[in-house]
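Hi there,

Here is the structure I promised to pass on.

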Amino acid sequence: MKDNFKKRKNLLNFIRKNREKPQLENKEDDNFNDHLFYKCPNCEKSILKDNLADTNWICSSCGFYLPLNSKERLDFVMDIGYEEIQGQVKYSNPLDFPNYIEKLEGNKKKSGQDEAIRVALGKIKGSSCIVAVLDSSFLMGSMGTYVGEEVTKAFEKAMDLNLPVIIFSASGGARMQEGILSLMQMAKTSNAVRQHSEKGLLYISCLTNPTTGGVTASFASLGDVIIAEPKALIGFAGPRVIKQTIKQDLPEGFQSSEFLMEHGFIDTIVERKDLKEVLSIILKIHGVED
């Protein structure tokens, strides 16, 4: 009897040690709840992922606008059949920043995106346009040489085709791993906006949460029409840095889209569910047709 019990115990221990753990796709851990639920960063309540599409990726508990990746954003605002036209991504490390290539490859694996931008040629409710989307899931949508080049090429392509440009910004600013080269993209993209404007073509800038740093200080602030999503964080430096610089207390919520609209920095705030319709109306008002 004692020997049988010992054999059974050894067998159970062997099974426990050698049992394969279930693998979850695109996850760094085996937390089953993370696979099914999305945790709102604002109220920290769990939301069933299957329900997010029905609410346009807005938290049903607090109304917080959850981020869309670049592919989701294009699918959300553009008509079916758009064509992605961004260039092929080739990772490089121009300043030999330590572990930069590994970081890029890790972000690609984690986010499912090749880089921090997608560019598409297509239509919004029948009106032709070029749409670029920064992707905060890839290195916080930061602007390096690739992003700057793709923004510039989007405006150049639009000039060739006589089309308007729409850019959705969601960025932490210029990419620190590329140093001065990333800062140069501010001037490069701003010049592309100027050339596009001089041809009499429309540029709509859509600011989403967050839009900060060198992106705010360049093409994101240069739209003929500037739209923002509700309660988006929009600014250059963080509140603490600004306060330390100017030695003054700052108004509450001074970097929110609502505050900036009140003070004339943006033209209008549009709820996500109305965004495609509003963009279509703006394009048609400016004479953009098929």
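How much accessible surface does the protein chain have, and what share of it belongs to carbon and sulfur atoms? It comes to about 16500 Å², and 52% of that belongs to carbon and sulfur atoms; areas here are from the Shrake-Rupley method with a 1.4 Å probe, and for residues only the protein chains shown count as cover.

Before going further, a word on the basis. This is a predicted model, so local features need pLDDT of at least 70 and side-chain atom pairs count only at pLDDT 80 or more, while totals for chains, interfaces and linings use all residues. Residues are numbered from 1 along each chain as its sequence is written, and side-chain values use heavy atoms, with hydrogens and water left out.

On the overall build, the protein chain contains 10 helices and 9 strands, taken as DSSP runs (helices H or I, at least four residues; strands E, at least two) and numbered from the N terminus. Of its 290 residues, 42% are buried (under 20% relative accessible area, with exposed over 50% and partly exposed in between; 1.4 Å probe, protein chains only). Taking contacts (heavy atoms within 4.5 Å) between residues at least 6 apart in sequence, 66% join residues at least 24 apart.

Going back to I117, and leaving aside neighbours within four places in sequence, its contacts are A132, V133, L134, Y146, V147, E150 and V151.

S182 counts as buried because its relative accessibility is 2%. Neighbours within four places aside, S182 is in contact with M143, G144, A174 and R175.

That brings me to charged pairs. Side chains of opposite charge can pair when their charged atoms come close. The whole structure has 14 salt bridges (a side-chain nitrogen of Lys or Arg within 4 Å of a carboxyl oxygen of Asp or Glu). Which of them would I look at?

- E115 and R175 form a salt bridge, with the closest N and O atoms 2.9 Å apart. The pair links distant parts of the chain, 60 residues apart: E115 is in the loop between α4 (100-111) and β4 (117-124), and R175 is in the loop between β6 (165-171) and α6. E115 is buried at 6% relative accessibility, and R175 is buried at 1%.
- E149 and K188 pair with their closest N and O atoms 2.4 Å apart. E149 belongs to helix α5 and K188 to helix α6, 39 residues apart. E149 counts as partly exposed at 33% relative accessibility, as does K188 at 30%.
- K108 forms a salt bridge with D114, at 3.6 Å between the closest N and O atoms. K108 is partly exposed with a relative accessible area of 39%, and D114 is partly exposed at 42%.
- R73, E229 and R272 are linked in a network of salt bridges.
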